[in-house]
Amino acid sequence: MLDNLILGFTTIATIPAMTAIIVGVLIGILCGVLPGLSASTAVALMVPFTFGMDPVVSVLLLVSVYLAGEYGGSITAIAIGTPGTPAAAATMIDGYQLTKQGKPGLALTTSVVASSIGGMIGAIVLFAFSEPLATVALSFGAPEYFALAVFGLTIIASLASDNLMKGFIVMFIGLFLKSIGLDPFTGEERFTFGVPKLMDGLSFIPALIGLFAMASVFTGIEKTMTSTQGISLSFAMPRVRKLLGMWKVYLHASLLGSIIGVLPGAGATIASFICYNEVKRFSKNKDQFGKGCLEGVAAPEAGNNAVVGGSLVPLLTLGIPGSATAAVLLGALMLHDIQPGPLLFQTNGAVVYGIFAGLFVACLAQLFFGIIGVPVWVKVISAPKALLLPVIAAISVVGAYGYNNSIVDVWVMFGFGLLGYVLKKYHFPVTPIILALVLGGILEENFRRSLMMSEGEYGIFFAQPISASLLVLAALSLLSPIVLNRLAATEATKAEKKLKSA
């Protein structure tokens, strides 16, 4: 193992390779910041620039863009409440709360530190457990993916613990919106009303931009239309002791993110929300989540960056892409006559171990540029809202249109913006819609595929230990907040009675 590690670092110890990593990190951060440009889009945009490059250098450039793109999305999520990437939506829950409290420096620093540590742990997982994790991934069939989606949806119990009914209402709205388009099995139109553009369903990125960015513009106009006073923000960063004190959060979320990254189709967005929920479940500061908790920023960021290493496991060992970005990387590898699969470690060992080592270096570069960039982002969001809101609106329109070069996506964005504005106005949580849009497709397809496999027998979901365990965990996850709240209410009543009797 040590020999392989040395081989990896020797492979990237060249000026072109190091330059590629640094340039890749900078491009990835920039693309992540822009709403509408996901990590997969950023990697795809860079592929044509790698045509004449050495295979190792080109792969390092693309992997660095992938890694930093996942981090970059958190910057706008924290700064202006607009996730640059879908995975950053979970980061926004606590990160934007800190910004509204005038403490964006705390959130931005925690985000880059957690992202870098998550990326490094993901690289270690990739290096040490590639082959066994790939075997685990292959054991996931339709029932297991259905159970995973159900487990993911139970996060709503955590996100909307104050009013579970509102959370479920919003989730069902999201599941309904996800059903718009062609039936994935029969090809029949569902709720398209004869509009051809709706046959492919509602685009996720414009919906995401609308729900968060445009909705915040509408809310901002309503609240501060006549005010031009700037926001008082702090440059303060968390103390090193505070950052190091969250080592359990980094480790927990990173390992979870790596495992989720291994599963084809799961991806960084699902990993972010699951990591947020699981870290909250075991945290001593549960009550602080959703109100500006640093652990709530660290968990999704460590998780979604660890996904990068995890998603490369099935790609490199089996030739199966674990995410949309990994699929683009697969094409780039084949473009350079590198065939991923079990023989890759023998035929192109330098490339494989170079990727491992390159991920480490990219994480360090991301940490460096992220830290020095914090004052810049704080300065940007210190601008008066009268200036900031039109900029957010313009970025939202450009991001929505640029996703597919379609004006329909802009209208979808405005529609979701109005929906998000109404939900916020009447104190409904918005995040369950995102979860439903992300998991709805996986849920439906694997539910129906499982029933086709079992000829209608629902017992298939409990026949395998993985799917059965996930469904049991989902039930526990859903019921635990209700039980705990009831117990807390009972204890409070007892304490009140004792106080009165005394």
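**Close-up views of a predicted model**

**View 1. Helix 5 and the glycine after it.** Gly102 follows helix 5 and has a positive phi, near 85 degrees. The model is predicted: local features need pLDDT of at least 70, side-chain atom pairs count only at pLDDT 80 or more, and totals for chains, interfaces and linings use all residues. Residues are numbered from 1 along each chain as its sequence is written, and side-chain values use heavy atoms, with hydrogens and water left out. Helices are DSSP runs (H or I, at least four residues), numbered from the N terminus. Helix 5 covers residues 89-100, and its 12 residues should span 16 Å at 1.5 Å a residue; the expected span is 1.5 Å times one less than the number of residues. The end C-alpha atoms are 16 Å apart, which agrees.

**View 2. The nonpolar cores.** A nonpolar core is a set of buried Ala, Val, Leu, Ile, Met, Phe, Trp, Tyr and Cys residues joined through side-chain atoms within 4.5 Å. The largest one has 130 residues, and those with the most contacts inside it include Phe212, Leu312, Leu316 and Phe416. Helix 4 (residues 55-80) gives the most to this core, with 15 residues. Another core, of 14 residues, lies apart from it and includes Ala79, Ile205, Ile392 and Met413.

**View 3. Val352 in helix 17.** Val352 lies in helix 17, which runs over residues 349-381. Its relative accessibility is 1%, so Val352 counts as buried. Leaving aside neighbours within four places in sequence, Val352 is in contact (heavy atoms within 4.5 Å) with Leu316, Leu344 and Phe345. Val352 and Leu316 are 36 residues apart in sequence, and their C-alpha atoms are 7.6 Å apart in space.

**View 4. Ser406 between two helices.** Ser406 lies in the loop between helix 18 (385-404) and helix 19 (407-425). Ser406 counts as buried because its relative accessibility is 10%. The side chain of Ser406 reaches the backbone nitrogen of Val408 at 3.2 Å. Beyond its neighbours within four places in sequence, Ser406 is in contact with Lys197 and Tyr401.

View 5. Cys363 counts as buried because its relative accessibility is 0%. The structure holds 0 disulfides (a disulfide is a pair of cysteine sulfur atoms within 2.5 Å).

Notes. Buried < 20%, exposed > 50% of the residue type's maximum accessible area, 1.4 Å probe, protein only. Polar contact = N/O pair within 3.5 Å; in protein donor to acceptor, adjacent residues only side chain to side chain.
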